[in-house]
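Subject: The structure we talked about

Hi there,

Here is the structure I promised to pass on. Have a look at it first, and then read on for what turned up.

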Amino acid sequence: MAPCLSIFFLFIITFCVTLTAAAAGHYSLQTFFPRPAYQSLIKHAKTPKPKLPFKTRYFPQTLDHFSFHPKSSKIFYQKYLINTRYWHKGAPIFVYTGNEGDIEWFAANTGFMLDIAPKFRALLLFIEHRFYGESMPFGKDSYQSAKTLGYLNSQQALADFAVMIRSLKQNLSSEASPVVVFGGSYGGMLAAWFRLKYPHIAIGALASSAPILQFDKIIPWSSFYDAVSLDFKDVSQNCYEVIKGSWAELVAISTRKQALAELSKAFRTCKSLHSTASVLEWLWTAFVYTAMVNYPTEANFLKPLPAYPVQQMCKIIDKSPSGKTKLSRAFAAASLYYNYSQTENCFEVEHEVDPLGLHGWHWQTCTEMVMPMTCSNESMFPPSGFDYKRFAEQCRMKYGVLPRPHWITTEFGGERIEKVLKRFGSNIIFSNGMQDPWSRGGVLRNISATIIALVTEKGAHHVDFRAATKDDPDWLIQQRRQEVEIIQRWLDEYYVDLRHA
């Protein structure tokens with residue numbers, strides 16, 4: 001699910017606010033909020049589908065689980081991926097609660113589930129979230145208006161998962177198989193909420209990098225961007241200062257007559273720029289998402305990146321000749337995010353496409369997933385506030401609807417969410433890495449003997465869900481070992497209870 005800026009998700013842009021830099025006089029720049037899960041703006045026209053050890057299937061899903069209007073019973077086909085290689089009747093079913101994008105993308109980046117499937121003899125099920133990927137209730141017209149998009153929300157998604165899981169178990173004649181749900185980022189929120197809402201269907205949940213406290217005023221609104229800034233500052237004070245100072249230089253250039261031509265040349269754009277705001281967004285995206293995916297090994301989640309990419313960015317800045325401007329050094333560092341593979345001759349700073357099917361998140365942030373974010377003076381981004389009235393008006397203009405900023409905390413628990421979890425919840429692991437800015441909105445301490453927080457100082461955005469490699473550090477190996485041990489305990493307790501039932 002990010003705020004002086006929108007991944008989401010992962011984490012990607014959800015809505016825009018106006019950011020006025022002090023040095024800019026009356027000149028204003030756009031900033032944006034990254035999404036929880038994969039807030040990434042991918043610049044490629046086509047992204048090849050990964051080859052995965054799953055069979056692709058489609059489930060006839062009900063459009064509206066919560067009303068009985070005639071159109072509520074409309075059926076759409078919801079995509080899912082399934083792997084039964086290690087499974088036998090009665091063995092566990094591990095379910096990934098899909099987030100805001102194509103389900104193959106999440107399956108390709110959740111190798112942890114494949115790694116542990118043989119040990120548990122588990123069936124693996126990755127369910128695509130409605131209105132993402134191929135799971136479009138109204139086909140090409142799914143995003144046509146609020147009349148169709150009105151069926152896109154977290155409660156309908158959770159009900160989709162419940163209905164599909166029950167149907168699958170019945171079809172497999174294995175209704176006694178225990179279910180554990182897994183999810184990362186927004187998917188991690190869904191996994192935790194699923195365990196709370198449907199405890200009779202899932203015996204436990206592993207929620208990685210799930211910012212369930214990012215709503216209302218549960219945590220300071222500046223937490224996300226303060227954390228991004230701290231990631232860079234911890235590596236190099238100079239790196240932090242250069243990025244912090246680059247925005248004023250960008251504003252100064254933007255006042256010049258030939259600003260767009262000058263920036264197009266400096267940023268090696270493939271096409272001439274139409275707005276200086278796109279340069280700010282391009283830089284901002286690189287720094288935020290690099291902080292999120294500051295993994296200890298090479299990875300290709302949002303982009304191909306080296307191990308510990310924040311450190312590599314700061315090396316580029318710190319080793320730059322002293323005569324270089326701060327903006328040029330910031331550009332050189334950001335280029336690592338967009339061109340680590342050294343395959344780009346120019347940069348598509350504008351004209352982005354959405355190959356991973358992420359754009360439904362705009363609707364979700366304009367309705368229920370309202371996560372206010374601001375930039376404090378401690379941030380390396382220009383200071384900004386959150387103007388709810390302006391945000392709500394932008395949503396009304398775009399979709400004809402107004403946000404419900406308190407709905408998530410009403411539905412799932414607000415400032416007393418920890419008491420809710422302690423009283424009504426059990427068997428949930430919240431895993432977070434403190435390198436991940438979304439961790440500030442996560443559960444960072446044990447709530448009870450069965451609501452466990454696993455926190456690593458060097459972990460990044462759901463790094464524990466990535467496939468194991470020979471280069472994994474000891475702390476990551478230990479974190480995954482703890483998760484496996486806890487899941488094993490859940491299953492052991494379940495089978496003991498089943499035998500005595």
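This is a predicted model: local features need pLDDT of at least 70, side-chain atom pairs count only at pLDDT 80 or more; totals for chains, interfaces and linings use all residues.

Let me start with a pair of strands: E7 and strand E8 (residues 204-208) run parallel and are joined by 5 bridges.

Strand E5 (residues 93-97) pairs with E7 in the parallel sense, over 4 bridges. There, Ile93 has Val179 of E7 as its bridge partner.

How much of E7 is buried? For this strand, residues 179-184, the count is 6 of 6, so E7 is largely enclosed by the rest of the structure. In a regular strand, side chains alternate between the two faces of the sheet. In E7, Val179, Val181 and Gly183 point one way, while Val180, Phe182 and Gly184 point the other way, and all of them are buried.

Next comes another group of strands, with E4 as the link. Strand E4 (residues 75-83) is mostly covered, with 7 of its 9 residues buried. It pairs with strand E3 (residues 55-62) in the antiparallel sense over 8 bridges, and with strand E6 (residues 123-127), again in the antiparallel sense, over 4 bridges.

Now for a pair of helices. Two packed helices are described by the angle between their axes and the distance between those axes. Helix H6 (residues 223-235) packs against helix H7 (residues 237-254) at an angle of about 135°, and their axes are 5 Å apart. That angle makes H6 oblique to H7. Which residues meet at this contact? From H6 come Ser229, Phe232 and Lys233, and from H7 come Gln237, Cys239, Tyr240 and Ile243. By type, the residues of the contact divide into 4 nonpolar, 2 polar and 1 charged.

Finally, the overall picture. The protein has 16 helices and 12 strands. It has 501 residues, of which 60% count as buried. Its accessible surface comes to about 20500 Å², and 53% of that belongs to carbon and sulfur atoms.

Happy to go through any of this with you at the screen.

Best wishes

Technical notes:
Residues are numbered from 1 along each chain as its sequence is written. Side-chain values use heavy atoms; hydrogens and water are left out. Buried means under 20% relative accessible area, exposed over 50%, partly exposed in between (1.4 Å probe, protein chains only). Helices (H or I, at least four residues) and strands (E, at least two) are DSSP runs, numbered from the N terminus. Two strands pair if DSSP finds at least two bridges between them. Axes are lines fitted to C-alpha atoms, for helices over the stretch in contact, and angles run from 0 to 180 degrees between N-to-C directions. Angles under 35 degrees count as roughly parallel, over 145 as roughly antiparallel, 65 to 115 as roughly perpendicular and the rest as oblique. Contact means heavy atoms within 4.5 Å. Ala, Val, Leu, Ile, Met, Phe, Trp, Tyr, Cys and Pro count as nonpolar, Asp, Glu, Lys and Arg as charged, and the others, Gly among them, as polar. Accessible areas come from the Shrake-Rupley method with a 1.4 Å probe; for residues, only the protein chains shown count as cover.
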